Amino acid sequence: MAKINIDADGVYNDLYEYMFTNFPELRVYFKGAENFTAADVHTSERFRKQGEHILLAIRILVNVFDDEITLKSYARETVNRHREFKLDPLLWKAFFTVFVGYLGTKIKLDEKTKKAWTSIGKVFAEECWRYLKESDFSIS
Ligand code: HEM
């Protein structure tokens, strides 16, 4: 697998600044921040912490990618942690489009690296969907 660099030079708000600017429809899931602009995110302690949480989660995904049992287990854990937010299940895959878009603003991504991200997103999302079905949560 291509080496994946996801270091974001210690600034953690900017993933959500990118997300809220380019995919504003996703703000609906972030209670109290439904109308946040990138400028609001920039000065937000909540999104600094949340940025750190999610970048750590993604680093874990990358690092366990070759360990299928752990990767799938982590996908299920992520689904469980998001249950209360009632995410559209398609977002489990779409997230990686958001993330690769963000990453492209930080580092130059070659085709091999983009493909590697697509593979991670596919395995991750397919396990999320399988688990959602198995645990009888709605998936359309
Ligand atoms: C577009 C897809 C996603 C949406 C809309 C979403 C939404 C959310 C929301 C609303 C929260 C609560 C934070 C807050 O309101 O301040 C949250 C927390 C979190 N999300 Fe996501 N999420 C998405 C994808 C992911 C993915 C793919 C991962 C992991 C790889 C992830 C990892 C986390 C983590 C680690 C937290 C911190 C809370 C916890 O660990 O339980 N999220 N997410």
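This is a predicted model: local features need pLDDT of at least 70, side-chain atom pairs count only at pLDDT 80 or more; totals for chains, interfaces and linings use all residues.

Residues are numbered from 1 along each chain as its sequence is written, and side-chain values use heavy atoms, with hydrogens and water left out.

**Overall fold**

- The chain contains 6 helices and 0 strands, where helices (H or I, at least four residues) and strands (E, at least two) are DSSP runs numbered from the N terminus.
- Along the sequence, the order of these elements reads α-α-α-α-α-α.
- Of the 140 residues in the chain, 39% are buried, a term that stands for under 20% relative accessible area, calculated with a 1.4 Å probe on protein chains only.

**Shell around the ligand**

- The shell around the ligand holds 17 residues, of which Tyr-29, Arg-46, Gln-50, Arg-81 and His-82 come nearest; a residue is counted as near if one of its heavy atoms lies within 4 Å of the molecule.
- At least two shell residues come from each of helix H3 (45-63), helix H4 (68-82) and helix H5 (91-104), and the largest share, 6 residues, is that of H3.
- By residue class, the shell comprises 11 nonpolar, 4 polar and 2 charged residues, with Ala, Val, Leu, Ile, Met, Phe, Trp, Tyr, Cys and Pro counted as nonpolar, Asp, Glu, Lys and Arg as charged, and the others, Gly among them, as polar.

**Polar atoms facing the ligand**

- An N or O atom in the side chain of Arg-46 is 2.8 Å from an oxygen atom of the ligand, and a polar side-chain atom of Arg-81 lies 2.4 Å from an oxygen atom of the ligand.
- For His-82, an N or O atom of the side chain is 2.8 Å from a nitrogen atom of the ligand; a polar contact is a pair of N or O atoms within 3.5 Å.

**The largest pocket**

- The ligand sits in the largest pocket, in the sense that more than half of its atoms lie within 2 Å of the pocket's grid points.
- A pocket is an open set of points on a 1 Å grid over the protein atoms alone, where a 1.4 Å probe fits and protein lies on both sides within 12 Å along at least five of seven lines, and lining residues have an atom within 4 Å of a point.
- The largest pocket holds about 880 Å³ of space, and of its 28 lining residues, Tyr-16, Gln-50, Ile-54, Thr-78 and His-82 are the closest to its centre.
- Helix H1 (14-22), H3, H4 and H5 each contribute at least two lining residues, and H3 gives the most, with 10 residues.
- The lining divides into 20 nonpolar, 4 polar and 4 charged residues.

How values were computed
A polar contact is a pair of N or O atoms within 3.5 Å; within protein, one must be able to donate a hydrogen and the other to accept it, and residues adjacent in sequence count only if both atoms are side-chain atoms. Grid points are joined across faces, edges and corners, and a volume is the space filled by probe spheres set on the points. Buried means under 20% relative accessible area, exposed over 50%, partly exposed in between (1.4 Å probe, protein chains only).
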